[in-house]
Amino acid sequence: MTFQTPSPSALELRDVTKTYGPVHALDRVSLHVPRGTFLAVMGPSGSGKSTLLQCAAGLDTPTSGEVLIGGREISHLNETRRTLLRRDTVGFVFQSYNLLPSLSVEENIRLPLRVAGARGDETWLAQVIDRIGMRPFLRRRPDELSGGQQQRVAIARSLAARPEVVFADEPTGALDARTASEVLGLLRDLVDDFGQTVVMVTHDPRAAHRAHATVVMDEGRIQDYLVDPTPEALAGTLLGAR
Ligand SMILES: Nc1ncnc2c1ncn2[C@@H]1O[C@H](COP(=O)(O)OP(=O)(O)OP(=O)(O)O)[C@@H](O)[C@H]1O
């Protein structure tokens, strides 16, 4: 499955299989995600979305096949080297924000740099903070923010080290429809304006609709690949997946 653009690849899966005993959670999945694109991953429960994200982000290793982030093969690295590579090249956004409650907004955003012992690019950080609209809130604690604001902070944190790919796992699952739409608009803007690459697992066709393209998983395989689908087309494809 390939985007028809000449951009270099931010993420590539080559024939990736992940088995748990007799279960093929991923079954020879190949995928190419160019830089500066927003890809949604949908599919029924148990179709392999989380496994795809875990293997693609280097949180887990495939049983066979290769995963390349920014052209570097990660699936054959040992745990330590994979952790280091992940730290430098991958950002995460979770449904539950996962901010540290004792740290300020600014400290949360800078956390990946602190953990890496990196100085960071101050111009980039300032750009990100302004783009997500959190500059007035930098000294607040997460519990002094709304859910949407907390997710904005989490998105800024995911971008702090200017990663090759941001992986978002149901990033709007805990938000009301209006706030979810704002957060998705922000993710899309980060891709369109900053050239970031985002891979987002979602159950929500309205969320996937904001991405450039959607892969639909079923039984560990990519069952469909839709470019700029309408929410109705996505809902129809998902109904047909089982
Ligand atoms: N650690 C594990 N041990 C055994 N089986 C697993 C494990 N993780 C996933 N599976 C199995 O692999 C298949 C794919 O699971 P996965 O969690 O990737 O699906 P999913 O599409 O993310 O589902 P959901 O939408 O419910 O989160 C399922 O059959 C699941 O039971």
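Guide: Strands are DSSP runs of E with at least two residues, while helices are runs of H or I with at least four, and both are numbered from the N terminus. By that rule, Arg28 sits in strand β2. The model is predicted, so local features need pLDDT of at least 70 and side-chain atom pairs count only at pLDDT 80 or more, while totals for chains, interfaces and linings use all residues. Residues are numbered from 1 along each chain as its sequence is written.

Visitor: Why is Arg28 called partly exposed?
Guide: A residue is buried with 20 or more other C-beta atoms within 10 Å of its own, exposed with 12 or fewer, and partly exposed in between; the C-beta atoms are placed from the backbone. Arg28 has 15 such neighbours, so it falls in the middle class. Arg162 also counts as partly exposed, with 15 C-beta neighbours inside 10 Å.

Visitor: Which residues is Glu164 in contact with?
Guide: Contact means that two C-beta atoms, placed from the backbone, lie within 7 Å. Leaving aside neighbours within four places in sequence, Glu164 is in contact with Ala10, Ile69, Gly70, Thr89, Val90 and Thr197. As for Asp88, it is 76 residues from Glu164 in sequence, with 8.3 Å between their C-alpha atoms.

Visitor: Why is Phe38 classed as it is?
Guide: Phe38 has 25 C-beta neighbours inside 10 Å, so it counts as buried. You will find Phe38 in strand β3 (residues 38-42). Beyond four places in sequence, Phe38 touches Leu187, Arg188, Val191, Val198, Ala211 and His212.

Visitor: What makes Leu187 buried?
Guide: Its count is 25 other C-beta atoms within 10 Å, so it passes the threshold. Leu187 lies in helix α6. Not counting residues up to four places away in sequence, Leu187 touches Phe38, Ile155, Ala168 and Val198.

Visitor: What makes a group of residues a nonpolar core, and how many residues has the largest one here?
Guide: A nonpolar core is a set of buried Ala, Val, Leu, Ile, Met, Phe, Trp, Tyr and Cys residues joined through C-beta atoms within 7 Å. The largest has 63 residues, and those with the most contacts inside it are Val41, Ala56, Ala156, Phe167, Leu187 and Val199. Helix α6 (residues 177-194) gives the most to this core, with seven residues. Ala56, for its part, is in contact with Leu11, Leu13, Val67, Phe167 and Val199, leaving aside neighbours within four places in sequence.

Visitor: How do you know that the buried residues of α1 share a side?
Guide: The buried ones are Lys49, Thr51, Leu52, Cys55 and Ala56. They cover an arc of only 165° around the axis, which puts them on the same side of α1; the arc is that of the directions from the helix axis to the C-beta atoms. Just after α1, Gly58 takes a positive phi of about 75°.

Visitor: Where are the buried residues of α3?
Guide: In α3 (residues 105-116), they are Val105, Asn108, Ile109 and Pro112. Their arc is only 110° around the axis, so they too lie on the same side of the helix. Their cover includes α4 (122-131) and α5 (147-159).

Visitor: Which residues surround the ligand?
Guide: Tyr20, Val23, Ala25, Gly43, Ser45, Gly46, Ser47, Gly48, Lys49, Ser50 and Thr51 do, where near means a C-beta atom, placed from the backbone, within 6 Å of the molecule. The elements giving two or more residues to this shell are β2 (23-34) and α1 (49-56). The largest share, three residues, comes from α1.
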